[in-house]
Amino acid sequence: MRAATDVGGTFTDLVYYEVDRATGQSGQVRIAKVDTTPPNFEEGVVGSLAKAKISPADLDFFAHGATVVINALTERKGVKTALITTAGFRDVLEIARGNRPDLFNFAFHKPKPFVERHLRAELTERTNYKGMIERPVDLSPLPDMIAAFKHEGVEAIAIVFLHSYINPQNEQLAVDRIRKLWPEVSILASHAVSREWREYERTSTTVLSAYVHPIAERYIGTLEKKLSDQGFAGKPFMMQSNGGITTARAAKANPITMVESGPASGIFAAAYVGEAIGYHNLIVLDIGGTTAKCTLIEEGQVKVTTEYYIERDGKNPGYPIQTPVSDIVEIGNGGGSIAWVDVGGKLHVGPHSAAARPGPAAYGHGGTKATTTDANLVLGRIDPASFVGGEREPDWKAVDAAFAPLQLALDMSREEVARGIIRIANANMTRALRLVSTNKGHDPRDFSLMAFGGGGAMHAVALAEELKVPHVIIPVNSSVFSAWGMLLTDLRRDYLRTRMVPLASGSSSLIRDIFGELESEALNDYSDEDQPLTRQDIAFEYLVDMRYAGQQHTVKVPCTGANVGRIDIDATAASFHAAHEKRFTYRLDSAIELVNFHLVAKLVVPKPPLSPKPKTGRALADAIKGQRQVDYDVHGVHTATIYDGLLLEPDMEFHGPAVIQEPSVTCVIPPRHRVTIDRLGNYHIHLSFVEEA
Amino acid sequence: MTTNIFTLDIIKDSLVAVGEEMFQAMLRTSMSPIIYEGTDFAVGATDATGNLLAQGNGVAAFLAALDTAVVSTLDHHDLDEIKPGDVFITNTPYEGGGTHLSDVAILIPVFHETTLIAWTVNKAHWTEVGGAQPGSVSSSSTEIYQEGLRFTFIKLYEEGRINQALVQVIRDNVRLPDSTIGDMHAGVAAARVGEKRILELVAKYGAPMVLQAMDELLDYGEKMTRAALATIPSGVYEAEDIIEDDGLGNGPFAVKIKVTITGDRLIADFTGSAPQAPGPVNTTYAGLLTGARCLFKAITDPGIPANGGCFRMLEVVCPPGTVLTAQPPAPVSMNFQARNAAVDVFWKALAPVLPQRLPAGHQQSVCATFISGLHPDTGELFVIGEPLVGGWGACHDSDGDAGQFCSSNGETYNIPCELFEARYGLQVAQYAFHDQDGGAGEYRGGKGVVLDYRVTAERAFLTYAAARTSSRPWALSGGQEGSNNYAEVRRHGGDVERFGMCTTVPVERDEVIRIYTATGGGYGDPRRRPRELLEKDIKNGFVTTAQATRDYGYEPA
């Protein structure tokens with residue numbers, strides 16, 4: 001039995017399937033949902049197994065996506081953390097980058113640092129930018145410093161020295177001494193968190209990882225214990241933000257790698273499914289209750305970046321996290337986003353959300369504001385008879401009460417307001433999709449839109465019409481895609497290293513050597529925990545961030561030939577020029593510099609093939625639930641055919657106006673678009689503007 | 001198509017998004033760090049007559065730089081001379097859109113069939129436009145002619161054909177022709193992105209509906225701003241301040257304002273400000289208007305995207321020939337000095353009645369710092385030019401922000417020390433809040449920083465220009481004034497030289513350039529600061545015990 005759980009704001013999702021130990025054949029993928037159980041999230045995890053009647057003793061593989069890190073950060077529930085820096089630089093954490101995205105707000109306040117100034121201490125030491133130690137670290141102040149930290153109730157310490165990304169020696173000496181003096185404290189040195197330059201970003205990341213360190217350690221430890229008490233013989237794997245899983249031990253050592261694990265696994269699952277059915281260029285959209293997240297997959301490759309922030313938006317610089325995270329754009333538009341009218345009489349949707357509680361008005365939990373979900377219900381897109389999986393009746397009185405003030409402000413009927421809400425929500429999401437596609441030099445017509453999450457199937461086709469994406473894919477298990485994705489990923493570690501090297505024939509051996517060092521490090525890290533490995537056991541990917549000399553911005557491309565130990569400078573340069581031109585519209589004759597080396601090291605987890613959806617030879621008519629009036633906004637109101645998604649079979653085909661319903665998925669298909677079902681059971685919507693062209 | 005109002009809303013949002021998309025395009029296409037890292041540019045669209053529809057901004061300093069450039073273009077050219085495929089270029093400071101010569105505007109008229117329906121505009125700081133000083137920024141010019149090439153609403157493209165003669169003139173008169181011509185093409189490319197998006201909207205919704213959405217967008221801006229303006233108490237508010245120096249040793253120069261607010265109108269009258277300065281710290285009326293709009297936006301609704309409708313209630317008055325309304329051939333290279341002073345005095349006049357929007361005075365200056373020399377490893381010339389962060393004033397309910405760029409910056413980033421040291425022949429020896437006197441109050445002014453550059457090159461040259469080098473950021477409601485911006489050169493022998501403005505001062509290896517940025521002004525009587533907050537300040541080192549005793553009346557328990 002292989003299983004994965006993903007803890008969401010409302011539900012904890014379990015996805016699991018049997019594997020025949022003799023034949024290796026996999027069984028049907030099944031799912032279970034239980035309520036999320038804050039603050040003891042592991043109870044929901046164990047509870048989901050119980051609900052599915054799975055004994056942990058039967059598990060061969062168990063992966064887990066925890067929200068404990070992001071929750072501790074956003075709710076400011078980490079531990080009291082101290083910071084030790086190079087003398088003269090303790091205020092870097094508070095000065096940050098000095099930017100004010102909210103340009104005309106003169107009462108602007110930048111976000112507060114996670115470590116107060118009196119807990120930011122300094123040691124005399126200096127490494128220069130070439131990695132030479134100019135001053136060895138003076139450790140003599142440490143005993144007094146630690147006494148002061150203890151007195152203040154500090155539980156974790158972050159250490160960040162300048163240029164430690166190139167030479168961590170002084171940091172390491174300080175860590176070793178502190179461990180001797182105070183073995184119980186959580187301690188993280190920046191070189192163990194990031195080996196890239198930019199001291200503010202590295203400081204912020206190290207501080208945040210230290211801040212959540214004792215909490216993550218406790219959480220993972222409790223989960224391990226509960227599972228092993230119930231007979232689980234293996235070790236759980238933890239989902240990371242880079243789209244791979246890692247051991248519990250590695251996750252405990254540097255918990256910030258788990259910060260965005262949920263979205264990452266969904267995106268990597270999209271790439272995996274796309275690969276399996278032959279679609280390598282995807283715009284990926286995950287619409288949840290409060291936000292929509294999107295990213296772009298090109299040639300099957302998910303972009304992983306270390307330029308990630310939490311709490312960043314158009315008005316807030318947020319906090320940088322320099323750890324590998326799948327590159328996503330997130331906007332405050334989900335099913336629970338609230339519609340409101342400003343003093344200028346303009347309708348807005350989001351970014352405020354009714355969240356899980358009280359939720360949309362129709363849930364009847366006291367929600368008084370109209371949300372996108374309520375609008376979808378009013379327009380007949382959501383089936384009132386199977387609202388929330390058929391578990392409850394929509395609270396129409398609450399819906400009417402929520403729409404009334406909007407109708408008054410706009411002087412419109414309920415349906416007109418609902419149409420406006422959908423149209424504006426779609427326009428917001430279209431803009432986010434443009435950010436990841438057209439604004440980065442991609443033509444949406446070369447892509448398919450793969451949508452999942454609670455609201456993905458609801459809005460996907462309308463968004464594809466707007467963006468002129470010819471083809472939409474709604475994957476199987478789209479409502480539990482993040483949990484399912486964990487069963488499709490490998491063990492993955494990313495090694496990034498800032499080293500300035502000219503891309504020239506004379507540099508080949510140096511480039512080779514640097515990658516060699518990273519390979520050894522990866523081998524060492526993996527071998528540490530499992531049986532001894534050789535290089536051949538690990539799948540390596542060699543990437544480099546490069547730029548034109550004199551420029552600042554870099555582009556990430558594969559380092560050609562690194563896998564066979566012979567760097568192909570010309571081919572690497574050629575892919576840089578091409579990638580640069582795509583991203584920034586021009587190429588230059590200038591020299592090229594390598595800035596960051598990026599080695600991806602994967603231990604491939606055996607995955608049984610995706611199982612095809614069984615075909616019984618059922619007639620299409622037998623999958624029809626009925627018909628109802630659905631308001632397709634610009635396409636008008638139509639009598640739509642309602643299909644039961646569970647009864648649809650491979651090779652079936654039909655046209656809109658239609659709605660496909662599953663217990664937690666509603667896929668809205670306007671007139672004329674053609675729908676097909678592939679062998680795995682994924683829905684494909686082929687847009688009419690292509691077919692009729 | 002049903003529910004037109006939402007379609008119109010979506011067209012309006014799409015027009016606003018045009019500004020953002022052009023902004024992204026400019027970031028993508030520019031080859032100049034001052035544009036893609038410093039974001040020293042603005043892009044946007046206007047309607048056919050030059051009403052601003054949308055603007056994408058990296059800094060706050062360009063709010064009147066696009067639309068007024070369109071209006072002046074229409075003054076210089078009859079409608080029948082403006083044809084599809086034309087591209088206009090201008091950088092004259094003395095007319096619409098003007099700031100200084102380094103900021104060059106590119107304008108594209110957008111046609112639907114044969115009708116002019118809109119303009120897309122780009123205004124960006126070019127790395128080089130020629131003139132007496134490398135980088136075209138000077139603290140010593142006495143006439144515009146020393147500051148670089150001047151273009152006055154001329155055609156860069158005529159019906160799709162580039163004006164090769166003009167391109168050659170530019171190429172021959174700047175120090176970094178490839179970079180400058182690259183900036184020019186990036187400007188055209190960004191403006192074309194806007195043109196393309198507007199024409200896509202016209203193709204999808206039809207010209208009449210797009211034009212209606214433009215009008216409604218402007219009315220919406222007016223409506224939102226009018227509602228905000230109505231909450232500001234009517235009255236007459238006055239303030240006075242100075243520009244300390246013009247770079248040539250003249251000054252101070254008075255800057256005065258009388259603000260009259262009458263419910264639905266705000267008149268900012270700068271009459272009485274000093275005559276234009278001999279040195280290049282002047283701004284022209286266009287720059288003054290940009291500054292005034294920036295403050296007006298801050299006090300009305302900073303949240304909604306700016307458009308022309310937002311400024312219909314603002315009137316900016318100042319007779320020609322002052323330091324804020326300089327006339328040709330006055331030098332304007334460091335126009336930000338006068339513009340920032342104008343914003344600051346406007347701010348100072350209104351802060352007492354708008355405490356929720358306006359804190360006490362801040363460092364005011366971009367604290368422009370230029371250091372050049374030969375890199376010790378490569379022997380190549382390095383030139384660093386950067387603005388610096390400083391302290392903002394205290395608010396009526398909170399301490400001022402510490403270590404922020406000044407009001408005319410915005411989405412501006414400091415350079416990480418680790419990148420800085422690799423690139424330049426300097427080592428950063430500290431980057432920290434300082435504890436100089438200033439900014440005490442019931443709420444404290446935000447801290448300025450102290451920054452030490454130890455020279456690792458054989459020799460480096462410092463050029464520096466700031467405001468508030470002898471005057472101080474103003475306080476509110478009985479708080480204490482802030483501290484000064486200034487630079488020091490700390491010599492081998494122990495001598496310390498102090499500068500408020502200087503040009504190419506030589507500094508030898510292992511000598512230190514130390515720069516202080518101002519702490520912002522305080523708010524309220526320091527003696528009213530709650531004891532527990534003050535004790536926390538002492539613990540955090542934001543207030544020294546000496547300051548606590550003297551300024552706050554603190555007595556240790």
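**Figure 1. Where domain 1 of chain A meets domain 3 of chain A in the predicted model.** Eight residues of domain 1 of chain A are in contact with six residues of domain 3 of chain A, two residues being in contact if their C-beta atoms, placed from the backbone, lie within 7 Å. Strand E12 (residues 245-247) of chain A supplies the largest share of the domain 1 side, three residues; helices (H or I, at least four residues) and strands (E, at least two) are DSSP runs, numbered from the N terminus. By class, the domain 1 side that touches domain 3 of chain A has one nonpolar, six polar and one charged residues, where Ala, Val, Leu, Ile, Met, Phe, Trp, Tyr, Cys and Pro count as nonpolar, Asp, Glu, Lys and Arg as charged, and the others, Gly among them, as polar. The C-alpha centres of these two domains of chain A lie 33 Å apart, and the domain bounds, which come from an automatic or database domain assignment, are 2-73 + 217-261 for domain 1 and 491-603 for domain 3. This is a predicted model, in which local features need pLDDT of at least 70 and side-chain atom pairs count only at pLDDT 80 or more, whereas totals for chains, interfaces and linings use all residues. Residues are numbered from 1 along each chain as its sequence is written, while chains are lettered from A and ligands numbered from 1 in the order in which they are written.

**Figure 2. Helix H6 of chain A and its kink.** Helix H6 (residues 199-229) of chain A has 31 residues and reaches 43 Å from its first C-alpha to its last, close to the expected 45 Å, a span given by 1.5 Å times one less than the number of residues. At His213(A), shortly before the proline Pro214(A), H6(A) has a kink of about 45°, the bend being the angle between axes fitted to the seven residues ending there and the seven starting there. Of the 31 residues of H6(A), 22 are buried, so the helix is largely enclosed by the rest of the structure; a residue is buried if 20 or more other C-beta atoms, placed from the backbone, lie within 10 Å of its own, exposed if 12 or fewer, and partly exposed in between. Just after H6(A), Gly231(A) takes a positive phi of about 105°.

**Figure 3. The surroundings of Glu519(A).** Glu519(A), found in helix H14 (residues 508-529) of chain A, is partly exposed, with 18 other C-beta atoms within 10 Å. Leaving aside neighbours within four places in sequence, Glu519(A) is in contact with Arg535(A), Phe540(A) and Leu599(A). Ala601(A) is 82 residues from Glu519(A) in sequence, yet the two are 7.8 Å apart in space, C-alpha to C-alpha.

**Figure 4. The contact of chain A with chain B.** The contact takes 53 residues from chain A and 60 residues from chain B. On the chain A side, two or more residues come from each of helix H3 (92-95), H6, helix H11 (414-436) and helix H15 (569-584), and H11(A) gives the most, with seven residues. The residues of this side divide into 21 nonpolar, 15 polar and 17 charged.

**Figure 5. The two assigned domains of chain B.** Chain B is divided into domain 1 (4-224) and domain 2 (359-557), whose centres, taken over C-alpha atoms, are separated by 35 Å. Contacts join 11 residues of domain 1 of chain B to 11 residues of domain 2 of chain B, and the domain 1 side has three nonpolar, seven polar and one charged residues.
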